[in-house]
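Please examine the structure shown below together with its sequence. The briefing that follows treats a few loop residues and then the packing of helices.

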Amino acid sequence: MDFNIFRKKNNQIDLSDLDFRKMPRHIAIIMDGNGRWAKKRGMPRYFGHRAGVETVRRVVKLCAKLNVPYLTLYAFSTENWRRPQEEVNVLMNLLVEYIEKETDELNREGVRLTVIGEISELPEKARIALTQGIEKTRNNNRLNLILALNYGGRREIVEAAKKIAHEIKDGKLLPEQINEEVFANYLYTREIPDPDLLIRPSGEIRISNFLLWQIAYSEIWLTDVLWPDFSEEHLLQAIKDYQKRERRFGGVSYP
């Protein structure tokens with residue numbers, strides 16, 4: 001893909017060829033490639049994770065500028081606990097650092113922080129920082145920034161099924177009442193629209209247990225660019241490609 005089509009005027013990203021009538025309502029991103037980015041430079045993996053935080057700042061700021069209502073970032077999966085403890089500690093510390101340093105900026109940009117996943121299993125310091133960040137930004141309504149932390153799509157669906165089973169057992173719900181809309185109300189994302197656009201950097205071609213229910217009809221955009229190198233221009237290219245696609249949701253197009 002040719003990203004040179006974008007021009008910066010007075011150090012500002014050129015948005016002139018975006019169709020603001022066709023902006024995705026919800027963008028979800030699998031942030032991937034931090035470790036490889038660091039390895040290519042002969043540095044420890046945590047250098048890549050820290051560089052990836054800078055990308056988060058850029059992407060959040062641009063999404064707020066574009067008035068994208070929802071942005072979900074896959075920050076830490078249920079499988080990531082299998083990584084070396086040192087790396088897990090770095091990721092949790094970076095999470096705390098990001099929230100503590102960026103909350104004022106999130107407020108200036110009108111960003112509301114939300115979290116999905118099993119937050120109770122995170123370290124106490126991370127839980128406290130998240131709780132404070134969510135509370136301090138709860139009145140913002142320009143952009144909903146959703147961090148998927150200790151999140152797994154399969155676990156989310158299993159937990160929803162358990163809740164429904166308890167509701168049936170307690171006589172609060174009948175099996176014949178269950179449909180897709182009812183089931184979705186038991187997911188972490190019950191108050192969040194499904195993603196219109198799913199972005200995966202780093203050259204990998206898999207979903208990685210991310211929003212398995214919600215991305216049933218999401219448009220997917222892939223790039224070989226590693227997450228720390230993912231720029232505003234890449235995000236704009238993903239949105240432009242999305243705007244060129246015809247979303248039929250299983251139907252057919254007519255002339």
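Helices (H or I, at least four residues) and strands (E, at least two) are DSSP runs, numbered from the N terminus. The model is predicted, so local features need pLDDT of at least 70 and side-chain atom pairs count only at pLDDT 80 or more, while totals for chains, interfaces and linings use all residues. Residues are numbered from 1 along each chain as its sequence is written, and side-chain values use heavy atoms, with hydrogens and water left out.

- Asp32 belongs to the loop that links strand 3 (26-30) with helix 1 (34-40).
- With a relative accessible area of 16%, Asp32 is buried; buried means under 20% relative accessible area, exposed over 50%, and partly exposed in between (1.4 Å probe, protein chains only).
- Apart from its neighbours within four places in sequence, Asp32 is in contact with Arg200, Pro201, Ser202, Glu204, Leu226 and Trp227, where contact means heavy atoms within 4.5 Å.
- The Asp32 side chain makes polar contacts with the side chain of Arg36 at 3.3 Å and with the side chain of Ser202 at 2.8 Å.
- A polar contact is a pair of N or O atoms within 3.5 Å; within protein, one must be able to donate a hydrogen and the other to accept it, and residues adjacent in sequence count only if both atoms are side-chain atoms.
- Asp32 and Phe210 are 178 residues apart along the chain, and their C-alpha atoms are separated by 12 Å.

- Most residues other than glycine have a negative phi.
- Ser202 is not a glycine, yet its phi is positive, at about 85°.
- Ser202 is located in the loop between strand 7 (197-200) and strand 8 (219-222), and its relative accessible area of 6% makes it buried.
- Leu211, also not a glycine, has a positive phi of about 50°.
- Leu211 lies in the loop between strand 7 and strand 8 and is buried, with a relative accessible area of 2%.

**Helix 3 against helix 4**

- Helix 3 (residues 85-108) and helix 4 (residues 124-136) pack at about 15°, with their axes 9 Å apart.
- Axes are lines fitted to C-alpha atoms, for helices over the stretch in contact, and angles run from 0 to 180 degrees between N-to-C directions.
- The two helices, helix 3 and helix 4, are therefore roughly parallel; angles under 35 degrees count as roughly parallel, over 145 as roughly antiparallel, 65 to 115 as roughly perpendicular and the rest as oblique.
- Residues of this contact include Met92, Leu95 and Val96 of helix 3 and Lys125, Ala126 and Ala129 of helix 4.

**Helix 2 against helix 3**

- The axes of helix 2 (residues 45-65) and helix 3 come within 11 Å and cross at roughly 30°.
- Helix 2 and helix 3 are therefore roughly parallel to each other.
- Among the residues making this contact are Arg50, Val53 and Arg57 of helix 2 and Leu94, Tyr98 and Glu102 of helix 3.
- Glu102 is found in helix 3 and counts as buried at 12% relative accessibility.
- The side chain of Glu102 makes a polar contact with the side chain of Arg57 at 2.5 Å.
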